[in-house]
Amino acid sequence: MDIKHTLSATLAIFLIAGCSSDKPKEIQKENKSSVAQFTKNTTNKAFSQSFDFKTNEEIDMHILGKSFFRIPWVEAPSATTARDGLGPLFSANTCIHCHPNNGAGLAIDKSGDITRSLVMRLSISNTKNINNNLIATKGFIPEPTYGGQLSLNGTSDVKFEGNINVSYKTTDAKYADGEKYSLQTPTYTLSKLQYGPLHKDANIAGHIALALIGLGAIESIDANDILANEDINDKDKDGISGKANWVYNPETNITELGRFTWKAAAASVVHQSANAAHNDMGLSNPLYPKHNCSDAQIDCQKALEGRHDFDLPKERLDAIAYYLKTLKIPSQRKSKNFKKGEKIFNSLGCVKCHVESFETAEGVKIKPYSDFLLHDMGDALSDGHTIFKAKANEFRTPPLWGLGLYKKVSGEVALLHDGRARSVEEAILWHGGEAKKHSDAFKELSHKDREYLVEFLNAI
């Protein structure tokens, strides 16, 4: 069987929207099940609104998942019966630390300090050291001593792994109309490494946490609808390719379409949640049954276990995924110049990657403004990290819905994979590779047209 084209059969298990029907789409858009998935809330809690549930069981499951997402985990042994097993190596002790108010993470806070939502991916970039088993299951080769991600903390008898440092170099430039702008380029270094130096071929890549918007809806898109936008060899000669990432999903033990994370390296919300729990909080779970200790980390291997077979048992992992999949999507907030901005967005060709809409398995029309495919974003944005079919320069098109609420939800604006862009304008200006001509076209716009475009993006 060609597993590359084996598609997930587990779509939308938990979504509470009504079953598919033969009703025309316009009627379906107005039914209660679709309306229940969107919110007009524009406060800092805009990304934390739950579906309008119909049963007590749905409410209970959402609340249960929310509790495991937000309440801190603790070191074993402890008095708690549900949240022990933190670590032995970890960076944060709750999910919400990396996703403030369920929003996007920040690289640095207002004081200039690095936040816990900036993680450092570690991998061996020398392709001569191919380990086919690791490539097949993880998609990359972890750094041999520190693993796939640097842990900033350790439990009582386990040394933390190291610290992250970042500095920024500012570059000034001008738009075609003479208006000035500046971009900041990050440089990452690691310090206080507790288990010796990194491998000589180690690559470090900074990633911030993504906003948790519409995950259930994204999972519910038919894979064929996403693949319909693939154009790996740019056969239509529009300069835009689009490539699916095919990833090993430990939940199903097969290769599936990746549609989550910066590199589209997770196939489902459960997969993404289990991976984050394992890497960020050191929680063993059914998808990642062992602690994230390397062979060189003896104290880590000997650390006390939590009281369950897994720190995060399956029913609690499923509850977290259910919570994430049943968060409402912010409705568009159309402003005075929305149409003008939309026209510019389309004329620049942004819509070729930031595809406006899809229809979910439940017949609900959603507008994520993403094709969920990988694109070459140029050398300036390269993080050096490859995973499954995603190359160093390639990133999944991030959804743009809710963009205008990021600052209110997270406290600051930090866009792109490492949060280097401090505004929507900066994020556009960083676009390179196959998106360079669109970024160049943006620089040629008048000040007023740039404002219209940003106004549109902040409203979708």
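Ser-294 is located in the loop that runs between α7 (269-281) and α8 (298-302). The model described here is predicted. With a relative accessible area of 10%, Ser-294 is buried, because buried means under 20% relative accessible area.

The side chain of Ser-294 comes to 2.6 Å from the backbone oxygen of Thr-145. Leaving aside residues up to four places away in sequence, Ser-294 is in contact with Pro-144, Thr-145 and Gln-301.

The loop between α3 (56-70) and β2 (89-90) contains Pro-77. The peptide bond that leads from Ala-76 into Pro-77 is cis, and its omega is near -5°.

Pro-88 is also placed in the loop between α3 and β2. A cis peptide bond joins Gly-87 to Pro-88, with omega near 15°.

Ala-264 has a phi near 55°, which is a positive value in a residue other than glycine. This alanine, Ala-264, sits in the loop between β9 (254-258) and α7. Ala-264 counts as buried, since its relative accessibility is 1%.

Tyr-369 is another residue other than glycine with a positive phi, here near 55°. The loop that holds Tyr-369 lies between β12 (365-366) and β13 (374-376). The relative accessibility of Tyr-369 is 2%, and Tyr-369 therefore counts as buried.

How values were computed:
Residues numbered from 1 in each chain as written. Predicted model: local features only at pLDDT ≥ 70, side-chain atom pairs only at ≥ 80, totals over all residues. Heavy atoms only, no water. Helix = DSSP H or I, 4+ residues; strand = E, 2+ residues; numbered from the N terminus. Buried < 20%, exposed > 50% of the residue type's maximum accessible area, 1.4 Å probe, protein only. Polar contact = N/O pair within 3.5 Å; in protein donor to acceptor, adjacent residues only side chain to side chain. Contact = heavy atoms within 4.5 Å.
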